[in-house]
Amino acid sequence: MTDQTSTLTADGTAPSPESDPQWWRQAAVYQIYPRSFADSDGNTIGDLRGITERVPYLSALGIDAVWLSPFYPSALADGGYDVDDYRDVDPKIGTLSDFDEMISALHAAGIRLIADIVPNHTSDRHEWFRAAVEAGPGSPERARFIFRDGLGSAGELPPADWTSIFGGPAWTQVPDGQWYLHTFAKEQPDLNWENPEVREDFKETIRFWSERGVDGFRIDVAHGLAKRLPEQLPSQAELDRLPWDGSHPTWDRDEVHEIYAEWREVFDEFDPPRSAVAEAWVGADRRPLYASEKGLGQAFNFDLLEAHFDADQFRDVVTFNLELAERAGSSSTWVLSNHDVVRHATRYGLPPKAAHEEKAGTDWLLSGGVEPRLDAEGGLRRARAASLFELALPGSAYIYQGEELGLHEVADIPDEARQDPTFFRNTGVEIGRDGCRVPLPWSSEGASFGFGPARPHLPQPSWFARCAVQVQDGDPESTLNLYRRALSLRSRLRTDEELEWLHTDDAQVLGFVRPNGWACVTNFGTAPVTLPEGEVLLSSSPLDDGRLPGEATAWLQT
Ligand code: GLC
């Protein structure tokens, strides 16, 4: 494992946040999905002032940085990942000056800000796309996107039978008859990254937010930008058979790294250099390319999120990803939940998927939990254990808003209240991602459980009352207080990016120790086990006569 001492000064203390260019390597990053965090003005959706007002909450939680999901002007066809203007704030959630106030308040509390940028596609309301539709075939305006003539005698058929990630066709026709490519919803036209104007414009966007104090960027669909479509388009079935080895027409092409090398130069124009993390759902062996220091510097690793609550799987994922990160000269990232997947308390409370479902792909990531089958208590117990396991690992940990409250997925949102395009484009197949995006409960009463003065944009279930921040605040055993204690210990104990596995006689028990003696032991089984020698600092469930109960994690100083 790498001996990464750069996160510590010579006397072993953490450097001041301003002076550490590598602050991101082992940061605890809290993801805010702004429209569901806190609504200060009562327009039913969360806003930037709502975040500013809750900086004391974030500070008490003990995080190092906030990753802010898109906050740009948007019709919300895909929750803000359909961007109308990359250099402004959605008037529904604030103004640029609200943004400045928010970032100042975060910085004053020692919290950095990572902005989400969405370079694969704009929205269909972006001025470039409107101009492209106006200007007609063959125009320079159209060359910023991916337009093609249709098939059939009058071009009435799409150029290919491709399906979008959210279901339904990936090509949509404009009034003059041409078709444009959209990998996601039809409101999200794909940009043409072979166009130098597109490249230059994004560099301006990076500079714009960096100058406003943004410390880092999360790159949406980082593996999708570079595309090379042959004259004769393959069918979807042919496309699916092509390997993702750097030469696939639409995914994970080698040239994408030329774009990120140019961005790295822009990131390095700032002091400290801006950080970046790639959202790249690629084969593990290709991940180091995104995490290279000549490129984005870090890449999400979703392996833990995709694993079952299982000792062997967790151990393999950790060993493998620490090696991968080292190969890239980066640190690993760890994720258990985010705005695209079923919350981990719910995943761990549902019966494991059957092997045949497993093979069908990652569909389960996008479908809601089925409440009648949910073991809510067991799911939360396992989630708390997994979270403590994650937070003790070397690398950075990404925490999704609400997981610190132990929230479950909301499975029973009525169809008419749903917003996710996955739901609309896959009627009856996928219920979509709204269940993890329901506005947070801050208090146990009121029309929105303290989210804001009005009813929230997605309905909250009555059980949110029990999970509210206000309720958990005063309960020493609450999940919120577990996260607070864990994050506070983590920032004190954070040490070199190494771990050594502890020998255990029980295959259901996984233990590791960090170079300063900070040990983490997880019991994936159900019977209590004896802990190694040491002072117990924290545990996800109360100890049973000094032993670690089933489905629990303890931290020790050994
Ligand atoms: C990413 C985002 C997801 C979004 C998609 C299209 O996967 O995380 O929420 O729908 O990109 O932008």
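The domain assignment, taken from an automatic or database source, divides the protein into domain 1 (23–119 + 196–486), domain 2 (127–181) and domain 3 (499–557). Between domain 2 and domain 3, the C-alpha centres are 56 Å apart. The model is predicted, with local features requiring pLDDT of at least 70 and side-chain atom pairs pLDDT 80 or more, while totals for chains, interfaces and linings use all residues. Numbering runs from 1 along each chain as its sequence is written, and side-chain values use heavy atoms, leaving out hydrogens and water.

Turning to the ligand, 14 residues surround it, the closest being Asp78, Asp220, Glu279, His339 and Asp340 (a heavy atom within 4 Å counts as near). This shell comprises seven charged, four nonpolar and three polar residues (Ala, Val, Leu, Ile, Met, Phe, Trp, Tyr, Cys and Pro are nonpolar, Asp, Glu, Lys and Arg charged, the others, Gly among them, polar). Ligand oxygen atoms lie 2.6 Å from a side-chain N or O atom of Asp78, 2.9 Å from one of His121 and 3.0 Å from one of Arg433. The protein buries 95% of the 310 Å² that the ligand exposes when taken alone (Shrake-Rupley method, 1.4 Å probe).

Definitions and conventions. Polar contact = N/O pair within 3.5 Å; in protein donor to acceptor, adjacent residues only side chain to side chain.
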